[in-house]
Amino acid sequence: VAAGIGVFRGILSSTPTIRLSDVVAVGEATIVYDREGNEIDQYVSTNSNRLSVGMDEIPDYLGKAFVAIEDERFYQHNGIDFKSIIRAGYQFFKTGGEEAQGASTITQQLARNIFLSQEVTWQRKVEEIFIAVGLEKKYSKNQILEFYLNNIYFGNGYYGVEAAARGYFDKSVSELTLAEQAFIAAIPNNPTRYNPLTNYDNTVQRKNLILQQLYEADDIG
């Protein structure tokens, strides 16, 4: 027990700092421009594609789409949403484990994706929770959302919203329509199930759910 407490105290006292390299370094694309500054080509050195953009380049509706579908209480909680945990647990036991709902907040997902493994253990979950709370103390909600949107995986080698926009729609994320924003927001929850190249109908179905949730939240008219 004492050893466990020591580990938890260590996590709390040494919350990791998110560096630019944490969210853009792996497989970052090289973009080639002409003399006038127009993009003419891009090259990716690995089988992954990652491009970083600031929040001022990310459409407002895209951030709202992720909050609506992944973490509707994002701006109210401190990294952990206990209401979601209780709701997910109730749904799990109600359906005998056949229907599970995600209880991880956007901040928890960021902590897991950058600093931890995807191994499902209670130790990793505890670490994820402590890191998420620490990140909320160190960074603003907009910073956390920006890190998250530049880090999440969209399938087919695309990491971050800019790479996904270019890969699936051949345009910058700042140029996406509302429907296109909802479309790419549908993918990260399960990049295999919602892979547009192999399960297009699933992606469209979830896109429509996101648009409905945005409407019900009065984010769109």
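Buried here means under 20% relative accessible area, exposed means over 50%, and partly exposed is anything in between, worked out with a 1.4 Å probe on protein chains only. The model is a predicted one, so local features need pLDDT of at least 70 and side-chain atom pairs count only at pLDDT 80 or more, while totals for chains, interfaces and linings use all residues. Residues are numbered from 1 along each chain as its sequence is written, and side-chain values use heavy atoms, with hydrogens and water left out.

Charged pairs come up first. Side chains of opposite charge can pair when their charged atoms come close. A salt bridge is taken as a side-chain nitrogen of Lys or Arg within 4 Å of a carboxyl oxygen of Asp or Glu, and the structure has eight of them. One of these links glutamate 180 to lysine 171, with 3.2 Å between the closest N and O atoms. Lysine 171 is partly exposed, because its relative accessibility is 22%, whereas glutamate 180, at 15%, is buried. Elsewhere, salt bridges with shared partners put Arg112, Lys125 and Glu128 into one network.

Within that group, arginine 112 and glutamate 128 meet through their side chains at 2.8 Å, N to O. Arginine 112 sits in helix α5 (residues 106-115) and glutamate 128 in helix α6 (residues 122-138), so this bridge ties together parts that are 16 residues apart in sequence. Helices are DSSP runs (H or I, at least four residues), as strands are (E, at least two), and they are numbered from the N terminus. Arginine 112 counts as buried at 13% relative accessibility, and glutamate 128 does too, at 0%. Another salt bridge pairs the side chains of glutamate 136 and lysine 141 at 2.9 Å, N to O, and both of these residues are buried.

Next come the pockets. On a 1 Å grid over the protein atoms alone, a pocket is an open set of points with protein on both sides within 12 Å along at least five of seven lines, and lining residues have an atom within 4 Å of a point. The second largest pocket holds about 320 Å³ of space. It is lined by 17 residues, of which Gly63, Lys64, Val67, Tyr75 and Asp219 are the closest to its centre. Helices α3 (60-70), α7 (141-151) and α10 (200-216) each supply at least two residues of this lining, and α3 gives the most, with five. By type, the lining has eight nonpolar, four polar and five charged residues.

Note on methods. 1 Å grid on protein atoms, 1.4 Å probe; cavity = no way out; pocket = protein on both sides within 12 Å on 5 of 7 lines; lining within 4 Å. Points joined across faces, edges and corners; volume = space filled by probe spheres on them. Nonpolar A, V, L, I, M, F, W, Y, C, P; charged D, E, K, R; others polar.
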